Amino acid sequence: MTQANPSDETELKTATAQVEINLEKPGAIAALPPAKDSTAQLQQIKDQVLSVLSELPAYVSNFFQEYQKALITIGLIAAGGITIKVTLAVLDSLNDIPLLSTTFELVGMGYTGWFVYRYLLRASNRQELSAEIESFKEQVLGK
């Protein structure tokens, strides 16, 4: 029997490692870098994250200043949508009360009748209503 040389064992281990590497699937994740490179990369990533976080308030304020009108418009649209949803939910719950929905319908028909009688039947009253509407538009929109 022949005795194994220590260099033969090293070559055998290297050949085995090469075979294992060669048998890996294409596109497999490569081995991690040595520990000293890992800590340097970790420190570099940490520095980048800290620099971004330290400048975050400036990024946010610049973003808000640049898109202020659009953000306000989106906020108002969202608030209007939420208001409409809540109002409809309240009205739906009030409609479920037995006599209340009928009472509201009667009040609405009565007010509609009064409005037609007061403002729409005669020409002079229609002119008065038109003047009130114009006055309201000037108050809201300005001249």
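1. Helices here are DSSP runs of at least four residues, numbered from the N terminus, and in this predicted model the place of Asn125 is in helix α6.

2. Helix α6, spanning residues 123-141, packs with helix α5, residues 98-120, at an angle of about 100°, and their axes are 7 Å apart. Because angles of 65 to 115 degrees count as roughly perpendicular, α5 is described as roughly perpendicular to α6.

3. On the α5 side the contact is made by Phe115, Tyr117, Arg118, Tyr119 and Leu120, which meet Asn125, Arg126, Glu128, Leu129 and Glu132 of α6. By residue type, this contact divides into five nonpolar, one polar and four charged residues.

4. Asn125 has a relative accessible area of 10% and is therefore buried, since the cut-off for that class is under 20%. Apart from neighbours within four places in sequence, Asn125 is in contact with Tyr117, Arg118 and Tyr119.

5. A search of the whole structure finds two salt bridges. In one of them, the side chains of Glu128 and Arg118 meet at 3.0 Å, N to O; Glu128 belongs to α6 and Arg118 to α5, so this pair ties together parts ten residues apart in sequence. Glu128 is partly exposed at 31% relative accessible area, and Arg118 also counts as partly exposed, at 27%.

6. Glu134 and Lys137 likewise meet through their side chains in a salt bridge, at 3.3 Å, N to O. Both lie in helix α6, where being three residues apart separates them by about one helical turn. Glu134 is partly exposed, with a relative accessible area of 39%, and Lys137 is partly exposed at 41%.

Conventions. Residues numbered from 1 in each chain as written. Predicted model: local features only at pLDDT ≥ 70, side-chain atom pairs only at ≥ 80, totals over all residues. Heavy atoms only, no water. Axes fitted to C-alpha atoms, helices over the stretch in contact; angles between N-to-C directions. Helix = DSSP H or I, 4+ residues; strand = E, 2+ residues; numbered from the N terminus. Parallel < 35°, antiparallel > 145°, perpendicular 65-115°, else oblique. Contact = heavy atoms within 4.5 Å. Nonpolar A, V, L, I, M, F, W, Y, C, P; charged D, E, K, R; others polar. Buried < 20%, exposed > 50% of the residue type's maximum accessible area, 1.4 Å probe, protein only. Salt bridge = Lys/Arg side-chain N within 4 Å of Asp/Glu carboxyl O.
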